[in-house]
Amino acid sequence: MSYAIVEIGGAQHRVSPGDRIRVQRLHDPGEDKGEVTFEKVLLVQGDAGVKLGAPYVEGAAVTARVLGEMKGPKVLVFKKKKRKGYRRTRGHRQAYTSLLIDEIRPGD
């Protein structure tokens with residue numbers, strides 16, 4: 001079983017071919033949905049063994065298909081100052097992109 005550790009949007013993800021992962025939104029939803037390639041591969045494990053990058057593995061890449069955009073659960077932020085009549089409520093829903101990992105190229 002081959003896998004790779006890849007940096008996507010500032011976070012590190014362990015991926016294998018066929019995995020579905022959810023990452024921070026990559027681009028605007030209006031752009032075409034297709035394939036994306038990530039070259040920031042930190043580690044590749046395959047038939048030839050383990051390749052560890054310093055910081056990235058030369059020539060390695062992970063190809064994924066964009067499945068769609070989604071939003072996470074709503075997080076409420078409530079601020080208050082006692083006895084001052086100050087109350088603020090804000091909500092936030094993080095935008096995510098769903099990816100299907102197609103291929104891991106081990107590189108040089």
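Modeller: Buried means a relative accessible area under 20%, exposed means over 50%, and partly exposed lies in between, with a 1.4 Å probe and protein chains only. This is a predicted model, in which local features need pLDDT of at least 70 and side-chain atom pairs count only at pLDDT 80 or more, while totals for chains, interfaces and linings use all residues. Residues are numbered from 1 along each chain as its sequence is written, and side-chain values use heavy atoms, with hydrogens and water left out.

Colleague: How many salt bridges does the count come to?

Modeller: Side chains of opposite charge can pair when their charged atoms come close. With a salt bridge taken as a side-chain nitrogen of Lys or Arg within 4 Å of a carboxyl oxygen of Asp or Glu, the count is one. Aspartate 102 pairs with arginine 65, their closest N and O atoms being 3.2 Å apart. The pair links distant parts of the chain, 37 residues apart: aspartate 102 lies in strand β10 (residues 95-105) and arginine 65 in strand β7 (residues 61-71). Strands here are DSSP runs of E, at least two residues, numbered from the N terminus.

Colleague: As what does arginine 65 count in terms of accessibility?

Modeller: Arginine 65 counts as partly exposed because its relative accessibility is 39%. Aspartate 102, at 27%, is also partly exposed.

Colleague: Which residues does glycine 91 touch, beyond those up to four places away in sequence?

Modeller: Contact means heavy atoms within 4.5 Å. Glycine 91, found in strand β9 (residues 86-92), touches Lys74, Val75 and Leu76 under that sequence exclusion. Its relative accessible area is 47%, so glycine 91 is partly exposed.

Methods
Helices (H or I, at least four residues) and strands (E, at least two) are DSSP runs, numbered from the N terminus.
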